[in-house]
Amino acid sequence: MDRKRIVLEVVAEVSGKKVEELEAASELVAHLGIDSPKALQLLVELEDRLEIEIDDSEVAKLATVGDLLAAVERLPAS
Amino acid sequence: MSRSLYLINPRSEIPSYFGAEVHDHWGFPSAQSIADLATATVAAMAPADWQVRICDEYISPVDFDAEEDFIGITGKITQGSRMVAVAREFRRRGKTVVIGGPYASLSPEMMRGECDVLVIGELEAIAEELFSDLASGSWKEEYVGDKPDLSLSPLPRWDLYPNERALIGCVQTSRGCPFECEFCDVIQYLGRKQRHKSVDQIVAELDVLYDLGYRAVFLADDNFTVYRKRAKEVLAALADWNAARPDEPVSFGTQVSIDAARDPEIMQLSAEAGLTWVFIGIETPNVESLKETKKRQNVGVDLVGQVQVFLDHGISVTGGMIVGFDHDGLDIFDRQFEFAMSNPIPMYSLGALVAPAATPLHDRMRETGRLIEQGVEVAGTPWDTNIVPVGMSREQLLEGLKWLCNRLYRPAEFAERVVMMIERMGPQRGPFRLAGNGDRPHRARPIEVEGLTILKKLIRQGPEERRMWSRIWKAMKERPETEPMVMHALFRYAQVRCLYEIGQFWEPQVPEQVPALGPPPTPAGGGGLVSIGG
């Protein structure tokens with residue numbers, strides 16, 4: 001399964017939305033209701049499933065689903 | 001004549017259970033847990049034409065090249081050695097150093113030779129005289145403040161404070177506590193007659209903190225609810241104040257004694273005000289030890305049941321626990337462990353009984369030859385004490401305590417208590433009854449986002465921590481209204497790990513049972529003062 005699909009699945013799982021409802025411009029907080037605990041679960045789950053490590057400095061920049069996809073795409077698998 | 005003052009809150013060399021040192025310990029910029037009220041309040045007492053600069057050393061280093069006319073240093077007992085080090089360096093550079101605050105007030109003899117001006121007691125009533133003397137260059141070596149009416153306490157100068165690096169704002173609505181716990185130094189400094197700020201003062205302070213972005217505020221009272229009538233008045237005002245901010249209400253935390261749970265009205269008002277967590281000195285399940293230390297408010301009380309009353313009102317509890325009372329035998333470690341695990345309390349500040357200077361316990365230990373002179377006097381330091389216990393040797397006390405701390409903070413045990421809290425927590429009331437369900441998350445402050453990455457690091461400490469989070473997440477999903485208090489507990493847990501790691505106290509492979517500690521000591525009569533290294 002490609003990374004993009006996994007990211008969308010995890011976002012959907014954590015936010016309680018359907019994958020089809022997610023758009024690149026969807027805001028994690030305002031549109032998807034991803035508060036701090038959900039954001040933590042999102043990051044940890046993504047790192048586990050994709051075997052990546054999202055840099056601390058990236059976390060504050062993640063405002064939309066598109067930001068998350070772009071950040072993950074930039075990372076090599078560990 | 002216009003003058004200038006550089007006010008410093010020195011950083012304690014040892015982290016505390018309630019600090020935020022985990023930020024820089026784990027590679028993030030330094031942060032303060034609770035914004036420092038002392039420096040902000042003293043700054044507000046300086047005459048209007050004085051230039052004042054604040055340094056909270058928990059956040060940024062001391063500027064030893066400071067050009068201000070006067071250096072002001074405050075601090076609690078935990079900051080004592082750093083207060084001295086900072087004072088010495090400034091005096092070496094020819095600066096005039098003024099020292100005050102709780103430690104200077106409780107142990108003036110420790111500070112007298114370390115400064116040019118010593119301020120003992122509270123500053124409000126003598127501030128005018130002090131600043132006037134400093135401005136004219138005719139200061140005295142010592143000023144003694146009494147216990148002023150808190151209407152004299154000014155609006156703190158939070159505009160001078162690095163608020164962006166503090167997690168929680170701070171308001172002190174009262175000073176003093178009528179109880180007389182033998183080990184408590186607060187009442188020696190602030191007195192047993194509680195004094196109060198007016199509701200107008202409190203609301204004015206909250207307005208400033210809210211405008212600065214704080215959405216969590218610690219009410220830094222020694223015992224917030226002890227005068228019920230007055231506490232109810234303040235709580236009603238806090239509820240009104242929060243009601244005017246429905247989109248982003250503020251959550252409050254404070255210190256109370258367990259007896260507050262016996263007043264249904266105060267519990268209801270606390271919930272409506274937005275009180276979401278309290279610190280309670282539970283100390284021990286050993287009733288004889290509670291009596292010994294004059295913690296009468298905890299005697300004859302179903303402690304577990306009373307804790308549940310707080311949870312019923314949507315309020316999480318943090319507990320203070322102590323081992324090493326005269327009535328504690330070698331079984332106390334097991335008893336404390338069982339008791340702690342039977343409570344829905346994720347966080348305990350655990351430590352050995354310590355006798356701070358100026359307390360009745362300190363006097364008693366000295367009189368009975370059981371005081372370790374020059375020993376640690378840091379109540380928040382779990383791995384040492386300045387007393388010689390009775391029911392066990394000092395080595396047994398410290399070894400048993402180390403086991404207890406590590407056992408209670410093993411990831412699996414911590415997760416168990418968090419899940420217990422989640423399951424037993426009552427519905428959120430007051431300003432948060434609609435929040436916390438994911439519908440209206442507010443955008444976090446940058447320092448809160450940093451907290452998120454700290455928690456990610458915590459979960460990445462190892463497989464046990466990962467399992468801990470999975471268990472907590474699963475339980476929290478079922479009770480989303482508990483999210484803020486769970487996240488708070490997790491951050492505090494990260495701080496505990498930092499505290500134990502820095503103190504080389506952390507033992508991830510802690511055994512299930514208390515290690516064999518050997519027989520208790522045989523009673524010995526008399527004995528002179530004990531001295532470390534002596």
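Reader: Is B:Trp241 buried or exposed, and what is its relative accessible area?
Author: A heads-up before we start: this is a predicted model, where local features need pLDDT of at least 70 and side-chain atom pairs count only at pLDDT 80 or more, while totals for chains, interfaces and linings use all residues. Residues are numbered from 1 along each chain as its sequence is written, chains are lettered from A and ligands numbered from 1 in the order in which they are written, and side-chain values use heavy atoms, with hydrogens and water left out. Buried means under 20% relative accessible area, exposed over 50%, and partly exposed in between (1.4 Å probe, protein chains only). So B:Trp241 is buried, with a value of 6%.

Reader: How many aromatic pairs does the structure hold?
Author: Rings of Phe, Tyr and Trp (its six-membered ring) pair if their centres lie within 6.5 Å; planes under 30 degrees apart are stacked, over 60 edge-to-face, and the rest tilted. Over all chains, the number of such pairs is 18.

Reader: What is the angle between the planes of B:Trp50 and B:Phe70?
Author: These two form an aromatic pair, at 5.7 Å centre to centre. The pair is stacked, and its planes make an angle of 20°.

Reader: Which strand holds the partner of B:Trp241, namely B:Phe252?
Author: B:Trp241 and B:Phe252 form a tilted pair, 6.4 Å centre to centre with 55° between the planes. B:Trp241 sits in helix α9 (residues 228-243) of chain B, 11 residues from B:Phe252, which is in strand β12.

Reader: Which residue has its charged end over the ring of B:Tyr6?
Author: A charge sits over a ring if NZ of Lys or CZ of Arg is within 6 Å of the ring centre and within 35 degrees of the ring normal. Elsewhere, B:Arg417 lies over the face of B:Tyr409, at 5.5 Å from the ring centre. For B:Tyr6, at 4.2 Å from the ring centre, the residue is B:Arg53.

Reader: What separates the C-alpha atoms of B:Pro411 and B:Arg466?
Author: B:Pro411 is in helix α16 (residues 411-424) of chain B, and B:Pro411 is buried, at 3%. Not counting residues up to four places away in sequence, B:Pro411 touches (heavy atoms within 4.5 Å) B:Glu464, B:Glu465, B:Met468, B:Tyr493 and B:Arg497. B:Arg466 is 55 residues away along the chain, yet the C-alpha separation is 8.9 Å.

Reader: What radius of gyration does chain A have?
Author: Chain A has four helices and zero strands. The radius is taken over C-alpha atoms, and the globule rule is 2.2 Å times the number of residues to the power 0.38. With 78 residues, a compact globule would come near 12 Å, which agrees with chain A's 11 Å.

Methods. Helix = DSSP H or I, 4+ residues; strand = E, 2+ residues; numbered from the N terminus.
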